[in-house]
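Student: I have a structure to look through. Can we take it step by step?

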Amino acid sequence: MDARGFSNEDSSHMSAPPRMDDPNLVGSLVADLRNKDTREEALVKLSKSREVIPDLAPLLWHAFGIMAVILQEIVTIYPLLSPPQLPLATSNRVCNALALLQCVAAHPDTRTHFLNAHIPLYLYPFLNTTITDRPFENLRVTSLGVIGALAKGDDPEVINFLLSTEVIPSALHSMEVGEEVSKSVASFILGKILMDERGLEYICTSYDRFYAVTKVLNSVVSSLDDEPSPRLIKHVTKCYLSLSENPRAREALRACLPEQFRDGTLVRAAGKDNVTKQWMLRLFMLVGPNPNTLGRPP
């Protein structure tokens, strides 16, 4: 997921990233990750500057011991998840490590290695927490950002991995308990899965899976009545539209599509986003009116 689209404002403490036009400086900071005394500062500087260092992902992946160091930063805080006793400063430090994983996940030269090592599995414990305090929400949204960075590439191999590792329940859980950014990134991930033919088939061939997905999507739509979010509306609309491409799902959606799509509520909430409005129009054309309301007086 592009960090500019879904960022974690609390994940570091520097006001501006350092200049990274010197390869020796970058190499020195990567080496500093191996030293526990210099690691935290290196994590902050590298995470802040990851978008301006083109080859950072291959450097992190191939440098001896660095991925092990980053994973160590992650697993060290597992005991703090339950019972919940995670300080904000510790959460911020791990978010910086996760930001580096996002860099590796997004890079075409390291994405496959990242998947083959099953590194996303290390993030699932952060997605499955039920705590909504800031330290836990930061971990949730940054972990989703890593998975979103994988999904953004529209790589069939990524979709296969996400399906085989049961990421959908974790994404749905994040949509239920997370704040707006978490809901948006999780909806983006779900949308990418549904846009893939295998992902759509995986959801729609099982009533239980279809029901679980639409139940959470409907709940998110209901929450938008109080706090409209054009970004979240866009991703949720895309999920429904992808579902409607499947004949069985389309038939089911005729009865369970939220009325907010039909009565103009979400169209108004989408504001000036014409792309989302076009998706809503196509969705309504595919699904049609609710059969349970046909024949009722206006």
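Student: How many disulfides does the count come to?

Tutor: A disulfide is a covalent bond between the sulfur atoms of two cysteines. Here the rule asks for a pair of cysteine sulfur atoms within 2.5 Å. By this rule the count is 0 disulfides.

Student: Is Cys103 buried or exposed?

Tutor: The model is predicted, so local features need pLDDT of at least 70, side-chain atom pairs count only at pLDDT 80 or more, and totals for chains, interfaces and linings use all residues. Residues are numbered from 1 along each chain as its sequence is written, and side-chain values use heavy atoms, leaving out hydrogens and water. Buried means under 20% relative accessible area, exposed over 50%, partly exposed in between (1.4 Å probe, protein chains only). Cys103 has 14% relative accessibility, so Cys103 counts as buried.

Student: What about Cys204, buried or exposed?

Tutor: Use the cut-off for buried again, under 20%. Cys204 has 7% relative accessibility, so Cys204 counts as buried.

Student: What percentage of the residues of the protein count as buried?

Tutor: The protein has 298 residues. The share that counts as buried is 51%.

Student: How many helices does the protein have?

Tutor: Helices are DSSP runs (H or I, at least four residues), strands are E runs of at least two, and both are numbered from the N terminus. Strands number 0. The helices number 17.

Student: Among contacts between residues at least 6 apart in sequence, what percentage join residues at least 24 apart?

Tutor: Contact means heavy atoms within 4.5 Å. Among those contacts, the share joining residues at least 24 apart is 75%.
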